[in-house]
Structure formats: structure tokens, C-alpha cells
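Work through the exercises below with the structure open beside you. Each task is followed by a solution in steps.

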Amino acid sequence: MKHLLTTTALVLGLALPLTLAAQTTAMDPNAKSGGGIVVTYKDDVATLDPAIGYDWQNWSMIKSLFDGLMDYAPGTTDLVPGLAESYTISDDGQTFTFKLRAGVKFHNGREMTAEDVVYSLNRVTNPKTQSPGAGFFGSIDGYDAVADGSATSLSGVSSSGPLSVTIKLSRPDATFLHVMALNFASIVPKEAVDAAGDDFGKNPVGTGAFSLGEWTIGQRLVFTKNPDYWRAGLPYLDSITFEVGQEPIVALLRLQNGEVDIPGDGIPPAKFREVMDDPAQAARVVEGGQLHTGYITLNTQMPPFDNVKVRQAVNMAINKARIVQVINGRAVPATQPLPPSMPGYTDGYAGYAFDKDAAKALLAEAGFADGFDTELYVMNTDPNPRIAQAIQQDLAGIGVRAAIKSLAQASVIAAGGEADQAPMIWSGGMAWIADFPDASNFYGPILGCAGAVQGGWNWSWYCNEDLDAMAAKADAVTDPAKADERLQMWSDIYMEVMKDAPWVPVFNEQRYTMKSERMGGADALYVDPVSIPINYDYVYVNDVQ
Amino acid sequence: MASFLVRRLLQSLLILLGVSLITFVLLYALPADPVRQIAGRSATAQTVQNIREQLGLDQPLAVQYWRYLGNLLQGDLGRSYLQKTQVSTLIMSRLPASLLLMAGAIFTELLIGLTMGVIAALRRGSHADQALMIVSFVGVSAPQFVVGLLLLYVFAVQLGWFPIGGYGTFSHLVLPSLTMGILGSGWYSRMMRSSMIDVLRQDFIRTARAKGLTRRRIIMRHALPNAILPIIAMIGIDVGIFMGGIVVVESVFGWPGIGQLAWQAIQRVDIPIIMGVTLVSATAIVIGNLVADVISLLVDPRIKIR
């Protein structure tokens, strides 16, 4: 038996499978074609190579230049086919056969074929490419041989006709279709990569809605509409100009002056209240959730945090509502590792309630009636030091004296990757934002044993082998009929994590995207969960004829 | 003169070598691992190891430095870790903007500083003198970040006379030049004032006055040229101060120069870019100092070559 798209969506626990097909083809009846917008950023764009780019700035830009076999319906976390027209999954859930769309053209005019898919997956996993996303493809058959250099192509990936690709997995992987929707799985033309060599990131060629028109380093990039784009009628905009090197505060002034349409770095924290208190400006701000959790890690291998009671006491000591106030209410208090909009989130779980007395009692029970001295590492950009001070005060409330170590991002990350260096870390500025909307994405690298290694991201150094086994079991559930069962397994895993309390989940950040008056399109496009800040392919401007 | 130049050039090369060594050691002694930055958070240990080997970061520091130096001598600054682009390409595409800003700043600081200094010197002890010296003191002390934002707010946002940051036309250049020039003008006004006062005390000025020349002619033809000379030599040394200020000012005004490049690279631990910008800036400072020495030598025969 072969499962079709809708049933596969169920596997992944995504809502509204029946509306998927409708969403891919739905066009905005009010949309106008033409015109251009200006988007600003403070930092230069590092690269537009889909195998390399892995920051939130270039992520959405790459999405508009390239396509993968899978995609998400705009403004949602719902998987839809992209360059694949359809696909089938074998009964054991380990063989995927993708049927490609015919007549899709790269920006250089050549038609895309199955060979390009094979090439692209081999390229991203080849160690020479130095892709930060190579590990996502670990479930493809032959990955290990490519990773250690003993093979140059994935034995599990082959073309089965000019428009058909078969991918064999070495183990069942319920997240595989999400992986195929990652930028890292974008399809690139071999000849363009070969011609540009290491400079492909500056000379990107894809199949996306836009192509790169101009790139003046340090000043601007211009994306121009791809007239041959395979999604008929898209994109609406003729061009997007990204102006880089602009401080967020300057970008906001220019937006108010009508020179900028989207300040890519968002509303600067210092100006947030001013903007939101002005009805005219607040009306142009779109608010949405994001797949983000801000948390404090408690190093379970460093005394006294090796004692679960101490960790639970710290969980009760933190006044999350007040910390949310510190950032002007731009977040909601968190109770568990998963953010509320993630499938698998445990509804109705209250977490550790703020209770100083109970925390003190628990601390006394653990043998620390007089508290203890410790260190709290934090990234040194606003508002993180202020949040750390609030945490410090909360800890003082139960007698824990935490010294704040405010360092550059890279130094905090390095300290977290050592087993005996950082007793506590506030994750702000480095917090986990999901790579793809699946419950498993908040476990492996940050709470699983695999991440509790030198240089890893599991800064709690929490390693519970029983939970690792449960996680492996959950991700082996590929049967669509058991999708809910799988999500329940993930929910159970996170509840077990909370009992051991390696983290204090503090808040889930909300997103606020500001836009100019002339911009049109559904609000969901401006807080798109996968395209940050906005989904460039579907927005439009109102002032064109 | 020729042997002096050769000696100074050799000294300069030694200084640059020292700068490269110190920067290199400092950057690699940082507790931040550049490979982790490249590999990202989802990378497996295998990926991290592969990248480390390919970049040669698994080698001892001495070997790494030796390799870097070898490439450097061939004019190769390496490739950016995160952008994969040639560092020299990145720097060359941004250097003109920084040089333009520097030229604008030098012009501004000389214009403001020299004018203020001359007026203060001619009215020594007056209220005007005191007021100008207070202004110059404020100019020297005010943080450039604050000055930049203030100018931007008043002249670009409120009055709309200039664009709100950016690069391209003459009007884009005015505010950042002014921001950088205000700092320097403080120094120059003070130097110009004392230099001018010095010159006005000289015998030849008394002679000129005794000849019955007009005050205007004495100042313009005799005092000013002599007072300016030692100051011109200072411009070379200024380059060093500019290189420091450029990081801040370029970031406030969105000026696409090498200061901005350095700032972004520091945040991302992109070591080849940081090394490259440091070396280019150090070279500029060394050349600036060299030029300053040569100018002093040319304009003031009293300085003996030793």
C-alpha cells in the first residue's frame, strides 16, 4: 500500500490535511503584480548558498531563490510538495519516491531533472562542502560513508527516470519530509556550482521565485522576479531590494519616513513601547508566535545542580511573568521545552509554579538551607544582561548568590560546550528556534545525550538514556495511523524532562513584524513560521497600477 | 634621505609582522571556537571534525601562523570562514568607502579645527577664546556614537536636509564626515591655537609688524603658513584615530566600509576577515606615520635625519 500526501501529513501530526492542496494553489484575489519593496538589515548577508546559509537573515532569502522537493504552505507549518509534484512512501516507511514537476527551469534557463536532485543531496552531505546542515541527512542510506569520506555519493539516493528520484533510508525517520523542506535540501544546478566554485554563495542559481539581480557588497542586494517561476502568477513583486548596514533604529526612522517597507531586524527594543503606543504605527505591526523557547540551563554534571531537588527549586524560584515584563511583554511565559505552537506541546501542564517558600523548603531539603554561590552566563547584548539581573534577583530570593558572567555570544557557546564551565546559562540570543516544525527538533542536540559532548549544544549536560531510547522509538513511528501516538510519545518525553528539570523554561518569544502602509497580503505572511521576517514570494504592494 | 626611508620601511615591515603575530595569537586564544560557528548547532561531531581538518585548524598554532604568513606573502588573505569569499575581495570592495569617509573627515576637521584655533589664538584670553576651547573640549570628549545619532536625528530626520544614513552621493557623506571630524577638530583647534600663539611671539612677526604691514597680511602671509606646518604632519598620525572611530561611525550611518566589515566579523568569529582588516588598518597607520615623518622632515629643516 502506498500512502499519499494527505495521509503523510497526518504522520507528521499536522493539522488540516484536507486543505493542503487548496492552500498551495490559493491565490490572493486582491493581490497586485508589480512594484518593489525595500528591506533593511544591519548585517551583511553572509552567503546565499543553500548548503551553507544558516542564519535567520539569509534563511528566508535563500527560500525565495531556491526550492526543495518539499515546502510549506505560506504562513503555516503545513508540509506541501514543492519541486516534487507527488511522492509515495513504501510500507516500511524507509523508501521515498518523488515524482518531479516537469518543465521547472533554473535561473540559467536549463530544465531541472532528477540528476540535479541527486547531485544536490550528494553535494550538501559531502564534507568538502562544509555544510552546517549535513547532519540532517543522517538517515539517508550511505550517509555515514559520505560523511567519513569513504564515498562521494549517497548510495540511498538515485534517479529512477528523468523526473523520478528514489531515496532509501537506513532507518525509519518520521521527520524526513521536513528535512527535504529545509534550505539545505534545495536543488542546485551542477554547472553553476562548478562555475562559481567557492563563490556560489555570491552567485546563486536556483529555481526560486526570485533570482539575484545585483549584489554590491556591504550596500545592497536586489532580487528580481523570475518570469519562468513554476508557480504560475507568483511572485507578485517585481523586485526586492535588501539594504544592508542599517542600524535597526535608523531603519525604523526610515520606515516612518516612507523609505523602507520592512525593517528586517524588527523593532528595536528601546523603541518598542513608543511604536506600540502610537495607534497609527501599531496598526502596521503584525504579531505572531514563533517556534522559540528561552530557557536557563542548569548543568547537571556540576554540583550543586547535579541534585534534582536543587534544579526543581530553581525552577520554582524564577518569576517568569516579571521577566516577560522586562522585555516589554514581547513573550509568553513558558512551562515546558516545546513552544505552544509546536505539535506535541502538552496542553494543561502548568510547569513549576513561582513559589519562593516551596523553593526554599526544597533547597533546605537538598542540604542548601543557606543557599550557595554560582555563576550565570549570559550573552552581552540587550536585553539579555537585564534578564540575567532579574534572574539573579529571583535566585537571591531563595538564597542563591549568582554572579553574572556577561560575554560575547561565541564565548558563551564555548563555555556551554565544556562539561565543567558554566553552571547556569541564560539562552537569550542563542536560544533554540526550531529548524523545522516537529516536536523532535527540541530534543536531540539540546536535551539528548548526543548533544552532551564537548562543543555540543546540550548545555545542561543532561543525558537520560531511557529518554534517548524513547525518542528513537518515537521517530521510528512512520505509520500515519499512529501519528497521534507519536506526538503523545514526544509529549511524554518532555514531561519526563521536566521532572528532571535540567532547564528552567522561561518564555516563548512572540514575533513583531513592522511593515509599510503600502504592503499587502495576509497577516500570516508577515509572521510566517519558516520565512523570517516575511514570506517574500506571496506579499505584494498596493500602490501599483 | 634614501637610507632613512629604507630604514623606516624595514621598521614598518617589522611592526606589521608583530601586529600580525599578536592578532593571530589573540584571536586563536579566544575561548570561542570558529569551527563551531561554521558548523552551526545541528552539526554532528563528524562534521565538526571534517571542517576543522579542512581549515587546518587541527594543526598547532605555529604551523597555522606559518601557513598564514606564507599565503600573506603571496598576497592571499584567505577566505572568510562563513562567507567563503576571498577576504581581499571583501576588503577591496569596502576600502574605497572608508577612504572617502576618511578624506571627508580630514577635510571637516581641518576646516573646523584650524578656523577655531586661529580665532582663539588671535583673541587669546577673550570670551570667544574660552568659548571655543570649551566647544573643542566637548568635541573631543563626546562619544561618536552619540554625536552620530544626534546629527542624524536633527539634520536627517527632523530637518530632512540629509539622507538618513546610507552611501552614494555627496549628501550621504556630510553627516558621517562631520561626526568623525568633530572629534578631530577638537584636537586640531587646540594644536592650532598653541602653534599660532607660538608663531605670533616669533621675531619675524615683530619685524613684519615693524615694517608696517597690515594685521591681515601678517596673519595670512607670515603667521598662518608657519603655524600650519607642524599640524599638517599630524594628519598622518590621525589615520590611527580614524581607524578606531570608523567602526562606530560606519555602523551608525550604514556606511559600507571596512569598519562595518570588521565589526560583523568580530561578532561571528570570522577570523580571516578580522585578521585581514587588522592588517590593512595597521598598514594604513604605519604608512600614515611614515608620511607624517617625511612631511615634518620636508617642511622643517631643523629636524635632522639621524
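This is a predicted model: local features need pLDDT of at least 70, side-chain atom pairs count only at pLDDT 80 or more; totals for chains, interfaces and linings use all residues.

**Exercise 1. Two helices of chain B**

Solution. 
Step 1. Helix H7 covers residues 144–158 of chain B and helix H11 covers residues 234–253 of chain B; their axes come within 9 Å and cross at roughly 30 degrees.

**Exercise 2. Chain B as a whole, and its side towards chain A**

Task: State what chain B is built from, and find which helix gives the most to the side of chain B that touches chain A.

Solution. 
Step 1. Chain B has 13 helices and zero strands.
Step 2. Along its principal axes, the C-alpha trace of chain B spans about 85 × 55 × 30 Å.
Step 3. The contact between the chains takes 40 residues from chain B and 39 residues from chain A.
Step 4. Two or more residues on the chain B side come from each of helix H2 (34–39), helix H3 (45–54), helix H5 (87–122), H7, H11 and helix H12 (258–267) of chain B.
Step 5. H3(B) gives the most, with seven residues.

**Exercise 3. The antiparallel sheet of chain A**

Task: Give the strand order of the four-stranded sheet of chain A, identify its edges and locate the helix that packs on it.

Solution. 
Step 1. The sheet is open, with the order S4-S5-S7-S6 (chain A) and antiparallel pairing.
Step 2. S4 and strand S6 (157–159) of chain A are the edge strands, each pairing on one side only.
Step 3. Ignoring direction, neighbouring strands are turned by 20 degrees against each other on average.
Step 4. Helix H4 (residues 114–125) of chain A packs on the sheet and touches S5, S6 and strand S7 (164–168) of chain A. The direction of H4(A) makes about 165 degrees with that of S6(A).
Step 5. Strand S4 (residues 84–89) and strand S5 (residues 95–100) of chain A run antiparallel and are joined by five bridges. Within this pair, Tyr87(A) has Phe98(A) as its bridge partner, and Ser86(A) has Lys99(A).
Step 6. S4(A) and S5(A) form a hairpin with five residues between them, and Gly93(A) in the turn has a positive phi of about 75 degrees.

**Exercise 4. The mixed sheet of chain A**

Task: Name the edge strands of the five-stranded sheet of chain A and say why each has a side without a neighbour.

Solution. 
Step 1. The five strands form an open sheet in the order S8-S9-S10-S1-S11 (chain A), with mixed pairing.
Step 2. Strand S8 (210–216) and strand S11 (262–263) of chain A stand at the edges; each has a single partner strand, so one side of each is left without a neighbour in the sheet.
Step 3. S11(A) pairs with strand S1 (residues 36–40) of chain A in the parallel sense over two bridges. Thr40(A) stands opposite Pro263(A) in this pair.

**Exercise 5. Confidence**

Task: Which residues of chain A have pLDDT under 50, and what are the overall scores?

Solution. 
Step 1. The model scores ipTM 0.77 and pTM 0.84.
Step 2. Chain A has a mean pLDDT of 90, with 95% of its residues at 70 or more; for chain B the mean is 85, with 97% at 70 or more.
Step 3. Over residues 1–25 of chain A, pLDDT stays under 50.

Conventions. Residues are numbered from 1 along each chain as its sequence is written. Chains are lettered from A and ligands numbered from 1 in the order in which they are written. pLDDT is the predictor's confidence in each residue, from 0 to 100. Two strands pair if DSSP finds at least two bridges between them. Axes are lines fitted to C-alpha atoms, for helices over the stretch in contact, and angles run from 0 to 180 degrees between N-to-C directions. Two residues are in contact if their C-beta atoms, placed from the backbone, lie within 7 Å.
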